Structures are given as C-alpha cells and as structure tokens.
Amino acid sequence: MANIRIISRLDIKGSNLIKGIHLEGLRVIGLPNEYALRYYLQGVDELIYMDCVASLYGRNQLGAIISAATQDIFVPLTVGGGIRSVDDAMQALRAGADKIAVNTAAISNPQLITDIARRFGSQCMVLSVEAKQVGLNQWEVFTDNGRERTGLDVIAWVKRGVAMGAGEVLLTSIDREGTRKGFDLSLVSAITSEVSVPVIASGGMGKPNDLIDVVEQSGADAVAMADILHYSRATVGDIRQVAKLAGIGVRAFEET
Amino acid sequence: MKKPNVAVIDYGMGNLQSVRRGLEHCGAIVTVTSDPDVILSASRVLLPGVGAFQGGMTELCLRGLDKVVKEVAAYGTPLMGICLGMQMLLDESEEFGKTAGLGLISGRVTPLPLTTITGQIQKIPHIGWNELELPKGRKNGKGTILEDIKSGDAVYFVHSFMAAPTNYDDRTADVIYGGNLVPAVIGHENVIGCQFHPEKSGEVGLKILNRFLRL
C-alpha cells in the first residue's frame, strides 16, 4: 500500500485562518501562512486552503495567500472555495495551487469537473464533497459550506464525479467536522469501496489514533485535519509517529 | 560562483510559480518565458507541466516551442522535464490515443498498471510521497540530480501515466507503486526527466533542484 498522506486543512475567511464546528460558528485562529509554514516545517505532506465564504460571496480571495505560501512552502497546495469556471481554476494554478477542489459549482454544473480535468488533468481536479448523514448508511450532499442541501446521495454523486474526471475526493463529514469525535468511518468506507481514485477523509480528527481507524478500517488514502494542529493538541510529527508505530506507511521525514 | 540562469518554459500549463520559487530558493535567476531567444540563451532549461499529454504537446507546438526544446537538447544545455514535461521528452504517448512526443529520450508513455502485482485494483492517479529506488546495477546517484539523495528519501508523485525509456541505462531511479517498478527519474546525456515534483517535495526536492543547477 502507498504511504498515506497527512494533510493540514486551512479554512480561510478573508485573510484569516478560521475554524468552525459542523462548518459553522467560525472562530478566528490567526494568519493562515504562519500556521502553514509551521506545519510544513513539521513535515506535513500537503496543505488544503479552503475559502469558506467564497461561494456565498461568489468570489475567492485566496490568490494572494497562495502566492505568499509558495515563497517558502514546498509541498502540494490544494485550493477550494468559489471555483466556478476553468478560468477560476487557471487563476488559482497561476497563483501557485497544484490542485483545485470544487464542490458547489460542480453540483450546479457537473460539466465543470470534466472541463477542469481535460484542461489540467484529472490529478488536478479534486471533488470536494460535504456529506451529512440522513439515514442508516445514507448521506446527502451539501454545498456552500454545509448550508445548502442538494437532495443528492453522496455515494451516487461521488461515483458520477469520478466518472466525469475527478482524480481525487475530499470527503468532509459535516456531522463530525470540528467535533473531535473521530471520522465517520462508515461514510469513508462507503466511498473508498466504490471508487478507485484516492480519498481524503476530513472532519472529526480529535486525536492521533483517529487516523489509524480511518486508514485501517475505512481505507482512507489521506487524512485531512485542522484543529488538532491549530490548537497544538498534536504536531504533524506526533501524528506521523503514531501512524508509523501502527504499521501505517508514512513518508520518511527528518525534523530539523 | 555566478548564479545559474534558468529558463522555465511557459506554454500555458499548470503551476509555474512553485518551480520558479524552488529554483530561486536554490540560488538561480529564473525567467518564466515562452520567448525562444531567452530559452536558447539560458544556462539551464526546465520544462514543467501538469495535465494531459496531447494538450501539452499541442500548446508547446502552437508556440513553436517543440523545436526550441529540441535545439536546447542539441546544444547540450542541461534540460529537465518535470512530470508531463518529462513524459513529453519521449517518443510517443498512449494517453487519449497516440500522440508523438519530442523524441529526446527513446521510449514511450503508457498508463500505470491498473492492478498491483498481487492482483488488487490500483489507485489511479498515483498521488503521494514515495521513496526513490536505484535500478539494479546502479550503486548511487553520483553525477545525476540524485547525487545528494539518501536511500529512503521520499518525493511527491502525482500521475496516471508513466514514461518508460527503451534503454535500461536511461533509468536513473524508479519508484515502486503497487509492487510495480515505475520510472521516477530518467536521463540521457544532458536531457533529464523527473516523474515526481521536486518543487513539491520539501527539502529533499530542493536538494534535487539544487543539484540540477550544479550539474
């Protein structure tokens, strides 16, 4: 099995790093790139920058933040929030993003998934899915940072998105997000068993051991985390060490 | 020492900012350009790229840059292709039908194996950090961009196709994915290809870029 990826997720509002619970009740944490640099130096494998209010305002303000991040951070950056067109994707890539995460716009215009994948490659097109449990082993897709329901079934939507060209899935459990209660293992399993592209589990990482569960029991290829790092409840190094001791492959990294 | 002067070829594909910053971090003067004169007068040339092979070749040819890259290679200027830029160095690709490449290193671009050696379904694209392996018969990376790299050092990959050179000697390093050996670095004389992204591979990647500037 390939090494799993430890990913720091940075939710951004305006110029601030923020954190919510169930994607709501946002609290300001600080400046995003100060945290990003700290995680880079701790050996984080990737960073996700998510503009939380972009869909609401119809614009994405991450360009300058991403551009500044690339000055001294040399790991992959994914940018999401408010990407509505191939041009928006191009702007983000030009600013220094490596991958584009699309949620809201893909729901109203699924063709956007194919357009971005054709233009920049599938590996660049991350399908971001916000899932809320609505029944036993049933989840509904939400948009606009957990505010709007879509009526779509998560499993069916992810399969469709992958068929249309998404090369990776960022799967966020709204129910677990910000709760520190661990990942929604059934949700992640339901998706990893249905698609052959990598799946990033997001929402609920409360302690390093949660990573072991979602990788071993649910087959996550990558794990996104936010407040466990933001509030320094663990460092990336601590988490890597726990994974390693559990026999999970992680990249070799020497802290300096 | 005079700062190396690197041209990063801009042909409308992907993220060029990170490659520029990575090289600058290693002390290079970098120009991101599609101007043939600038490319031909640089002391090092880098061909980046993410995306599909056909689209990449089309964009390159539209700007007349295919000929320029071939000239760079013929001059003996160190030329490094990254990811799609590496794959385009070969003769042809099977991605979305057959497309001719630049033909600077003999070989073909084929899809990654769909199954692991134990017959399980392989995750495609191959995304993530993976260790570099020296091919059989190679003891170290001396004289290549891997000179400063230790065994077990990991770099960041993201690809669905692989660039397989015809001549085994052109394989500088491999990566094992699902048990299969996949070329990670290839090289023939002054032409080098990197399947992974050194500009996204942390300190290990910066060491590789740094060595490219000093080859």
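Me: In this predicted model, which radius of gyration does chain A have, given what a compact globule would have?
Reply: The radius of gyration is taken over C-alpha atoms, and the globule rule is 2.2 Å times the number of residues to the power 0.38. For the 256 residues of chain A, a compact globule would have a value near 18 Å. The C-alpha atoms fill a box of roughly 45 × 40 × 35 Å along the principal axes. The radius of chain A agrees with the globule value, at 16 Å.

Me: What percentage of the residues of chain A count as buried?
Reply: Chain A holds 11 helices and 12 strands. Among its contacts between residues at least 6 apart in sequence, 65% join residues at least 24 apart. Of the 256 residues, the share that counts as buried is 57%.

Me: Is A:L26 buried, partly exposed or exposed?
Reply: A:L26 lies in strand β3 of chain A, residues 24-30. Leaving aside residues up to four places away in sequence, A:L26 touches A:K13, A:I18, A:K19, A:G20 and A:C52. A residue is buried if 20 or more other C-beta atoms lie within 10 Å of its own, and exposed if 12 or fewer do. Because A:L26 has 17 such atoms within 10 Å, it is partly exposed.

Me: Which strands of the nine-stranded sheet in chain B stand at the edges?
Reply: This open sheet has mixed pairing and the order β2-β1-β3-β4-β13-β12-β11-β8-β9. Each edge strand has a single partner strand, so one side of each is left without a neighbour in the sheet. The strands concerned are β2 (29-33) and β9 of chain B.

Me: What angle does the direction of α6(B) make with that of β9(B)?
Reply: In the nine-stranded sheet of chain B, the twist averages 30° from one strand to the next. Helix α1(B) packs on this sheet, touching β1 (5-9), β2, β3 (44-47) and β4 (79-82), and its direction makes about 165° with that of β2(B). Helix α6(B) also packs on the sheet, touching β3, β4 and β9 of chain B. Its direction makes with that of β9(B) an angle of about 90°.

Me: Which residue stands opposite B:E133 in β11(B)?
Reply: β8(B) and strand β11 of chain B, residues 171-177, pair over two bridges in the antiparallel sense. Within β11(B), the residue opposite B:E133 is B:D174.

Me: Which residue with a positive phi follows α3(B)?
Reply: In α3 of chain B, residues 53-62, the residues B:F53, B:G55, B:G56, B:M57 and B:L60 are buried. The buried residues of α3(B) pack against α4 (65-75), α5 (84-87), β5 (92-93), β6 (99-100) and β7 (107-111) of chain B. After α3(B) comes a residue with phi near 70°, namely B:G64.

Notes
Residues are numbered from 1 along each chain as its sequence is written. Chains are lettered from A and ligands numbered from 1 in the order in which they are written. This is a predicted model: local features need pLDDT of at least 70, side-chain atom pairs count only at pLDDT 80 or more; totals for chains, interfaces and linings use all residues. Helices (H or I, at least four residues) and strands (E, at least two) are DSSP runs, numbered from the N terminus. Two residues are in contact if their C-beta atoms, placed from the backbone, lie within 7 Å. Two strands pair if DSSP finds at least two bridges between them. Axes are lines fitted to C-alpha atoms, for helices over the stretch in contact, and angles run from 0 to 180 degrees between N-to-C directions.
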